[in-house]
Amino acid sequence: MKDDHYRSLLGKRKTALTAVQDSGQAAAGTVELDQSRVGRLSRMDAMQSQAMHLEADRRRKLELRRIDEALQRIDDGDFGYCEECGEAIAAARLEFDPSARFCIGCASKLENDPGRA
Ligand SMILES: [Zn+2]
């Protein structure tokens, strides 16, 4: 396993996600300020965009957690193996998503099971 390579891929991804998170928080603050002096319709717009922001934030936190888990697996020496069948995950798949926990076969089987995939 090219541990250092994946460690740096995961690290870069984490840095990018954290940067987005910081700028996102600044945007959410702006929405709150505007709410005090805009009409009902605009307030609904603001609430809608805030809901979208929260959803994006939730996804980012989920991905950050997956990245941390992947980094932990590198430390444990378990990285790159499917959690379902134990087979090595294809290098191309890890290149695309280093936080992948399943091989492509298991991932497609688990796709409709959001609790695990
Ligand atoms: Zn598998």
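Tutor: Lys61 is found in helix α2, where helices (H or I, at least four residues) and strands (E, at least two) are DSSP runs numbered from the N terminus. This is a predicted model, in which local features need pLDDT of at least 70, side-chain atom pairs count only at pLDDT 80 or more, and totals for chains, interfaces and linings use all residues. Residues are numbered from 1 along each chain as its sequence is written.

Lys61 counts as exposed because 12 other C-beta atoms lie within 10 Å. Here is the rule: a residue is buried if 20 or more other C-beta atoms lie within 10 Å of its own, exposed if 12 or fewer, and partly exposed in between, with C-beta atoms placed from the backbone. Lys61 and Thr18 are 43 residues apart along the chain, yet their C-alpha atoms are separated by 9.1 Å.

Helix α2 covers residues 40–76, which is 37 residues, and reaches 53 Å from its first C-alpha to its last. That is close to the 54 Å expected at 1.5 Å a residue, the expected span being 1.5 Å times one less than the number of residues. Just after α2 comes Gly77, with a positive phi of about 80°.

Stepping back, the protein chain has 4 helices and 0 strands, in the order α-α-α-α. Of its 117 residues, 10% are buried. The largest nonpolar core has 8 residues: Tyr6, Leu10, Ala70, Phe79, Ile89, Leu94, Phe102 and Cys103. Such a core is a set of buried Ala, Val, Leu, Ile, Met, Phe, Trp, Tyr and Cys residues joined through C-beta atoms within 7 Å. This core draws at least three residues from each of domain 1 (3–79) and domain 2 (80–117), with bounds that come from an automatic or database domain assignment.

Leaving out residues up to four places away in sequence, Leu94 touches Tyr6, Gly80, Ile89 and Ala100; a contact here means C-beta atoms, placed from the backbone, that lie within 7 Å.

Next, visit Cys106 in helix α4 (residues 104–110). Cys106 is partly exposed because it has 19 C-beta neighbours inside 10 Å. With residues up to four places away again left out, Cys106 touches Cys82, Glu84 and Cys85. Cys82 is 24 residues from Cys106 in sequence, and the two are 7.9 Å apart in space, C-alpha to C-alpha.

Finally, how far can you trust the picture? The mean pLDDT of the protein chain is 86, and 82% of its residues reach 70 or more; pLDDT is the predictor's confidence in each residue, from 0 to 100. Confidence is lowest in α1, at a mean of 78, and highest in helix α3 (residues 91–96), at 95. Where pLDDT is low, the predicted coordinates should not be read in detail.

Technical notes
Two residues are in contact if their C-beta atoms, placed from the backbone, lie within 7 Å.
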